Amino acid sequence: MLRPLKIGRLSACCCSNFVSRMRYVNRLKEDDELCAAALQNSHMFLFHRLSPLLQRTQQGTLRPATLRTADVQSVLERLCSDRTLLKQSVLIGCSEQNQVQFCLDVGELDQASVEELCGGTFINLRKAFFLLTGAEAPLVAKGQALLRWHQTSGFCSSTGEPTHRNQAGSQRVCSRSGIIYYPKMSPVVIVLVSDGKRCLLGRQSTFPRGMYSALAGFCDMGETLEETLSREVAEEVGLEVHSVSYSSSQHWPFPQSSFMMGFHAAVSPAHSQVSVDLTELEDARWFSLEEITCALQVKRGDPPPAFWLPPKHAIGHRLITEWTDLQTRTTEDPQTRPGGE
């Protein structure tokens, strides 16, 4: 059984502001003239061939470079770029400060020149995701996903004719058939498996050295989330799970815009022998509460540990933290039942 969804309670003031912002963003998607006007006084996030522009803060950390539209126009003019490039900007959203946000890929311009004029560095998103804070990473991920979708959706899959976007970039329409295309995400299940005292983590060969995370896999056509979860665990590590509970979800930009749905699942301690499919994973093994607790205490800037976890804004990290909190409460209160059992 899936755990019921829980939505945090908002004050009337926050809710009113949230509703207003969401309705305004929806209007921008539907009204090209309104969106074009908003673009002239917006915050812009630049990408170069899908790598975001980051700037170093006074604290030594990195954050996305936030530029005014006028600043971007100035950069385009100084680099002798066609000013119509600005029209390719894609709407991301509206901040809590009611500032409209757009993203733009300037991959046709010289990278070093843009970096010099903007005072930042374009960094590959996989690397950038380990350098950004939780609040900023989703914004960059959304921007890159939308830009990638536009770059790969220029033609209708039915007629082969060109598609044309609206001003906001929230859809593309076939010039012949009128078919409307919307940005898509691939559904993925990610699950943290526990035997009651340990949790199971795995790693792929593409992971950074020493990083382990929860198991994950794409949903096959016709599958339920529970079926995907059970199949992936069986395929990758040879275990049969039970007591599945839902945790949360997250957009993830890799490999090409995934919708991650996070779960906890339990296995019987008597049937917890791992059999790794090496075509799926490089390694997978059980970790104790003590090992996980030590890994969670690693801070940015510390010497690279032999074993470490995904960044804090990743849903895999969230699942591991939830499991750790539950295990800690179980130790303090034996009546608490572990691992979703």
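Author: Start with Glu 291 and Arg 285. They form a salt bridge, and their closest N and O atoms are 3.7 Å apart. The term means that a side-chain nitrogen of Lys or Arg lies within 4 Å of a carboxyl oxygen of Asp or Glu. This is a predicted model, in which local features need pLDDT of at least 70 and side-chain atom pairs count only at pLDDT 80 or more, while totals for chains, interfaces and linings use all residues. Residues are numbered from 1 along each chain as its sequence is written, and side-chain values use heavy atoms, with hydrogens and water left out.

How open are the two partners, Glu 291 and Arg 285? Glu 291 has a relative accessible area of 31%, so it is partly exposed. Arg 285 is partly exposed too, at 32%. The scale is simple: buried is under 20% relative accessible area, exposed is over 50%, and partly exposed is in between, with a 1.4 Å probe and protein chains only.

Salt bridges can also share partners. Here they join Asp 220, Glu 223, Arg 231, Glu 232 and Glu 235 into one network. How many salt bridges are there by this rule? The count comes to 9.

Two more pairs deserve a look. Glu 136 sits in the loop between H5 and H6, and Arg 63 sits in strand S3 (residues 62-64), so the pair ties together parts that are 73 residues apart in sequence. Helices (H or I, at least four residues) and strands (E, at least two) are DSSP runs, numbered from the N terminus. Which partner is buried? Glu 136 counts as buried, because its relative accessibility is 15%. Arg 63 counts as partly exposed, at 41%.

Next come Arg 203 and Glu 282. Their side chains meet in a salt bridge at 2.7 Å, N to O. Arg 203 belongs to strand S12, and Glu 282 to the loop between strand S15 (258-266) and strand S16 (283-288), so this pair links parts that are 79 residues apart in sequence. Arg 203 is buried, with a relative accessible area of 7%. Glu 282 is partly exposed, at 43%.

Now turn to the surface. Where do negative charges gather in a patch? Glu 30, Asp 31, Asp 32 and Glu 33 form one there. Patches take residues with over 30% relative accessible area and no salt bridge; like charges are joined within 9 Å, and nonpolar side chains (Val, Leu, Ile, Met, Phe, Trp, Tyr) within 5 Å. Asp and Glu count as negative, Lys and Arg as positive; His and the chain ends are not counted. A charge is placed at NZ of Lys, CZ of Arg, CG of Asp or CD of Glu. Glu 30 lies in helix H1 (residues 12-30). Glu 30 is exposed, because its relative accessible area is 62%.

Helix H1 also holds Phe 18. Phe 18, Val 19 and Met 22 make a nonpolar surface patch of about 230 Å². Such areas come from the Shrake-Rupley method with a 1.4 Å probe; for residues, only the protein chains shown count as cover. Phe 18 counts as partly exposed, at 38% relative accessibility.

Last, some backbone details. Leu 50 has a phi near 75°, a positive value in a residue other than glycine. Leu 50 lies in the loop between S1 and strand S2 (51-56), and Leu 50 is buried, at 12%. Ser 243, in strand S14, has a positive phi of about 55° although it is not a glycine. Ser 243 is partly exposed, at 30%. The peptide bond from Phe 254 to Pro 255 is cis, with omega near -10°. Pro 255 is in the loop between strand S14 (242-252) and S15.
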